[in-house]
Number of protein chains: 2
Amino acid sequence: MKIRAAVLEQFAEPLNVTEIELAEPQAGEALVRLEACGVCHTDMYTASGVDPSGYAPTVLGHEGAGIVERVGEGVTSVKPGDRVVTLFSPQCRECIHCHSPKTNLCLAIREQQNKGYLPDGTTRLSRDGEPIRHFMGTSTFAEYTVMPEIALAVVSPEAPADRAALFACGLSTGLGAAMYTARVEAGSTCVVFGAGMVGLGAVAGCRLQGAERIICVDMSDDRLALARGQGATETWTGGPEVVQRVLDETGGFGADYTFEATGLVAVMRQAVESARMGWGLATVCGVAGKGETLDVIPRYLITGRRVAGSSFGGVKGRDQVPQLVQRYLDGDIDVDPFISHRITLSEVNHGFELMEHQDGIRSVITFS
Amino acid sequence: MKIRAAVLEQFAEPLNVTEIELAEPQAGEALVRLEACGVCHTDMYTASGVDPSGYAPTVLGHEGAGIVERVGEGVTSVKPGDRVVTLFSPQCRECIHCHSPKTNLCLAIREQQNKGYLPDGTTRLSRDGEPIRHFMGTSTFAEYTVMPEIALAVVSPEAPADRAALFACGLSTGLGAAMYTARVEAGSTCVVFGAGMVGLGAVAGCRLQGAERIICVDMSDDRLALARGQGATETWTGGPEVVQRVLDETGGFGADYTFEATGLVAVMRQAVESARMGWGLATVCGVAGKGETLDVIPRYLITGRRVAGSSFGGVKGRDQVPQLVQRYLDGDIDVDPFISHRITLSEVNHGFELMEHQDGIRSVITFS
């Protein structure tokens, strides 16, 4: 079928919204009609050409929600009409990682996905007979996509697609970092560095876990206002003095849980150094630049701090994204304030511009 | 009373084994007659003057075992005749840390101890009326010492003092890193970097936890032979290729648990990078040089590795040192091979020399 999609033709060039071909779903795959898709930093990062593992041409987009239209042979977990959230982090429920409660990093299709292929090593996307590679296994800057069923989370049909889409990446990453990676305990003190989509999700996750103090640190007053809306009990402007301030305000100990959601290694270091002596856990969520390192003074470790990282918030997508969406429907998570702009697929490059200017939290593409 | 003790008079000079004064135990304190004391790197490190928090004059020594002779007012947990192991890491059982299962870093007397004083801010050691400061709250390079009762673990009288002494620091640190900090799971793959006292203890701890593969890495064949005796299933000579070798031998994943027991930040980095994707935990036990940092590529964290540190193996001393000593008496831990040299107090400087030449694992001072 012919579809309109935003193609990354050349790194560091605007995406080309154009017509391409999408083949029918094969065994284990589903055709999804996209209803909404968030514009995320990872899309822009790949488009910029800075990501060494990037490739072109490809159809970007991974924060999608839509409706299953048709399924390939042997598909049992989704059916036409299901509302689904796309998962760049799939869950096969069969590999050693899916069987472990310790990780969400499903191994089933990792290699092919990283290379831009569906699990069978081919693409469904093409143009003039030339294959176009998939991106993150999702390619949701498009009217339709074909994806493996193990990468589709069936969510409540009551969830509006534009809100559901945010659970496909940034929001779940933040929520999960607090809920599944750090497993924040009730009554604890948390510091969240960064109030973008992930940081705000982490603030909400800390609140859902029953944290007593949630300090959110960012450079933008507008974002800090959003953080208060998500449950931050204190909001601070970032800077080099933040570590000392955390110590001063916690009897010299530091915070039980800290979260880094900026991608800056200097801030990751602040997260480590403001974590509590004895048991403080610093959870790194951001993606650092190539070649950069988080430099840890070993004494911070010896005196009881731990450092962890979180990919997609440790969320096992097919099991837990529907649960998180349900918590939104139950009124536990206030998703609306995250949608700062609604745009069309043709305006996707404008979505990148808004992000570059840190204008709002999320632009969401809606398809009609 | 007059006692013989090894006094650090000047940094970077040999210890002076001489007669000094020891006052009677005050409230909450006990007089201990030392029977044995290991010579540990921390003693030598402080003697060298490199430790910025060091001071002189002081009586070094912290890996001690002995017999309680007299107790001060209000002492209830030890009595004359008890065999005790000295704890540089005390356990008051009352502070917020002692109440938490997450840490062994008792807060009760930390500040005074770090400054060289007993909890009341004074010393029991003196010479010609001039106070001599205590070291690590223990000062066990001496015929007798006075210590807070919260820093004495009562162990089985059947435990020979020279063997029991090793549980006062190095051995418990290694055992505990595996048993209490990392909580190694049965069937797992472990890599221990360094086969000194701490690393060998970690090997034994991994074995006690039921690890399936225990790889020990060191530069010395003699030490690696000792590691095999403690339960290492494989022993490798260290070098820059070790990380790749761990990956190669674990299907590309890495080890479930890694332990660093060298104090070298480059080796700490190897411990992080050879920990398993998804859930690998790297536990840092060694004390790095001042100003050195462990440089972590954040991607290792994001893909599921965690980094922790361990001080005294996470062992809550009064509760758990007696349990560990009992496991030795039960035949679960083979302590004898760790004692490479038996020396007298007068030979303490020779003990430092042996350590500098990496001759054996532990010199133990025995008192008669």
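How many disulfides does a search of the whole structure find over all chains? I was working on a predicted model. The search came back with zero disulfides.

**Cysteines**

I looked at A:Cys40 next. A:Cys40 is in no disulfide, and the nearest cysteine sulfur, that of A:Cys169, is 3.9 Å away. A disulfide needs the two sulfur atoms within 2.5 Å. I also checked the exposure of A:Cys40. The residue is buried, at a relative accessible area of 5%.

Then I went to chain B. I found the sulfur of B:Cys190 at 3.6 Å from the closest cysteine sulfur, in B:Cys206, which is too far for a bond. B:Cys190 is buried as well, with 0% relative accessibility.

**B:Arg223**

I located B:Arg223 in helix 7 of chain B, residues 221-230. I noted that B:Arg223 is buried yet has no salt bridge. The nearest side chain of opposite charge is B:Asp218, 4.5 Å away. A salt bridge needs the charged atoms within 4 Å. I listed what B:Arg223 touches beyond four places in sequence: B:Ala195, B:Gly196, B:Leu200, B:Asp218, B:Gln358, B:Gly360 and B:Ile361.

**A sheet in chain B**

I traced an open sheet of five strands in chain B, in the order 4-1-2-7-8, with antiparallel pairing. Which strands stand at the edges? They are strand 4 (58-59) and strand 8 (130-132). Each has a single partner strand, so one side of each is left without a neighbour in the sheet.

I followed strand 8 to strand 7 (residues 125-127), and the two pair in the antiparallel sense over three bridges. I picked out B:Leu125, whose bridge partner in strand 8 is B:Ile132.

Methods:
Residues are numbered from 1 along each chain as its sequence is written. Chains are lettered from A and ligands numbered from 1 in the order in which they are written. This is a predicted model: local features need pLDDT of at least 70, side-chain atom pairs count only at pLDDT 80 or more; totals for chains, interfaces and linings use all residues. Side-chain values use heavy atoms; hydrogens and water are left out. Helices (H or I, at least four residues) and strands (E, at least two) are DSSP runs, numbered from the N terminus. Buried means under 20% relative accessible area, exposed over 50%, partly exposed in between (1.4 Å probe, protein chains only). Lys and Arg count as positive and Asp and Glu as negative; His and the chain ends are not counted. Contact means heavy atoms within 4.5 Å. Two strands pair if DSSP finds at least two bridges between them.
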